[in-house]
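Visitor: Please take me along for a close look at a single part of this model, starting from what surrounds its ligands and moving on into the fold.

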Amino acid sequence: MNTFGRIVRVSIFGESHGAMVGVTIDGLPHGIKLNADDFTDDLARRRAGAIGTTPRVEGDIPEIATGWFNGYTTGAPLTILFRNENTKSGDYDKLKDVPRPGHSDFVAYHKFDGYNDYRGGGHFSGRLTLGLVAAGVVAKKVIPQVSIEARLIEAGGKTNIDEAIAEAQKQNDSIGGIVECVATGIPIGLGEPFFDSAESVISHLAFSIPAVKGIEFGSGFAASRMRGSEHNDLITDSSGSTATNHAGGINGGITNGNPLVFRIAVKPTSSIAKPQQTLNLKTRKTESLTVQGRHDTCIALRVPVVAEAITAIALADLLLTERARKNR
Ligand SMILES: Cc1cc2nc3c(=O)[nH]c(=O)nc-3n(C[C@H](O)[C@H](O)[C@H](O)COP(=O)(O)O)c2cc1C
Ligand SMILES: C=C(O[C@@H]1CC(C(=O)O)=C[C@@H](OP(=O)(O)O)[C@H]1O)C(=O)O
């Protein structure tokens, strides 16, 4: 239920205000050179602290707990964990009975019959993306020939991101954003024609990032308004390079050797300091709720490195799956 992948199997665990969050990666090749320092850059890109991000700043120190010895992966399940040290669970006392509109509180309460850890979003928290980023660092080592780069291209519908954040904050509100991810150096042939198409595998993982509500590859939804003569990517050489890349690097569910390009839509943070109507689970009556606590104004600011991580996880699994298929 918390595991994804065919060969490289990634399981994430933990709660926002519990002891820890983390990831276990099974099926990894042994002998991958790995050190705690390898995680530093990507973890720093996900960490809070910048304007528009949550004031809950954590150390996010990776502890490589299993599957690692003398600086290399051993081939046993690799576990990386992160202690939660800066929790303010009192912020959530009131929310126990009053689910925040737009967050997971209401569905978590019903699905788990009230046994869910509601503090800081519990297991649903964006904090769980620490495990995804850690897995991404390792997955990038499985596919060294691929380079992946994601960036925030707009927030709150604007390309002037600082301005969009300042405006939202002034109004006690939040904003969403669009993150674009580009990966180059991908061999031709990863992915399957139907259920495990490269788009499906990437999308499956993309929707494992809390607050992601949409994804498009290449020209995406705009393709529906183009003519074939416009949309077709003309092949220009024997390596399969194309003059344009409306396909976003995938045809027939299979990578075509051109850059993989996708964009994800991140919704505005649901926890906002503006009164909104919700249900009181005890009284069964609706009431007004103003969410207090420490929240991101724009979650999308912290998503690019997570998008890179899920891309690396997807491509590593697809690559190892393809190698296994070819060697049958
Ligand atoms: C990096 C990251 C940070 C997040 N920070 C917050 C936050 O501060 N406050 C909040 O309400 N939601 C935050 N979220 C989003 C919630 O976790 C998410 O909306 C919730 O789990 C419900 O899932 P859904 O939005 O996919 O339906 C964050 C998500 C990510 C990926
Ligand atoms: C802690 C992180 O983000 C958290 C994600 C989150 C949520 O609802 O997803 C809500 C907030 O939690 P809290 O109320 O405990 O401060 C964020 O701070 C993190 O990303 O490391």
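Guide: Gladly! Of the 20 residues around ligand 1 in this predicted model, those that come nearest are Phe-124, Gly-126, Pro-210, Ser-271 and His-295 (a residue is near a molecule or strand if its C-beta atom, placed from the backbone, lies within 6 Å of it). This shell divides into 6 nonpolar, 11 polar and 3 charged residues; Ala, Val, Leu, Ile, Met, Phe, Trp, Tyr, Cys and Pro count as nonpolar, Asp, Glu, Lys and Arg as charged, and the others, Gly among them, as polar.

A word on conventions: residues are numbered from 1 along each chain as its sequence is written, while chains are lettered from A and ligands numbered from 1 in the order in which they are written. Since the model is predicted, local features need pLDDT of at least 70 and side-chain atom pairs count only at pLDDT 80 or more, whereas totals for chains, interfaces and linings use all residues.

Now to the fold. Four strands make an open, antiparallel sheet in the order β8-β9-β13-β10 (strands pair if DSSP finds at least two bridges between them; helices, H or I of at least four residues, and strands, E of at least two, are DSSP runs numbered from the N terminus). β8 (147–155) and β10 (212–217) are at the edges with a single partner strand each, so one side of each has no neighbour in the sheet. Inside the sheet, β9 (residues 177–184) and β13 (residues 260–266) pair over 7 bridges, and Glu-180 has Arg-263 of β13 as its bridge partner.

Helix α4 (residues 161–170) comes next. Its buried residues are Ile-161, Ala-164, Ile-165 and Ala-168 (buried means 20 or more other C-beta atoms within 10 Å of a residue's own, exposed 12 or fewer, partly exposed in between, with C-beta atoms placed from the backbone). They cover an arc of only 95° around the axis, which puts them on the same side of α4; the arc is that of the directions from the helix axis to the C-beta atoms. On the other side of α4, Asp-162, Glu-163 and Lys-170 are exposed. The buried residues of α4 pack against β8 (contact means C-beta atoms, placed from the backbone, within 7 Å). Just after α4, Asn-172 takes a positive phi of about 50°, and Asn-172 lies in the loop between α4 and β9.

Methods: Two residues are in contact if their C-beta atoms, placed from the backbone, lie within 7 Å.
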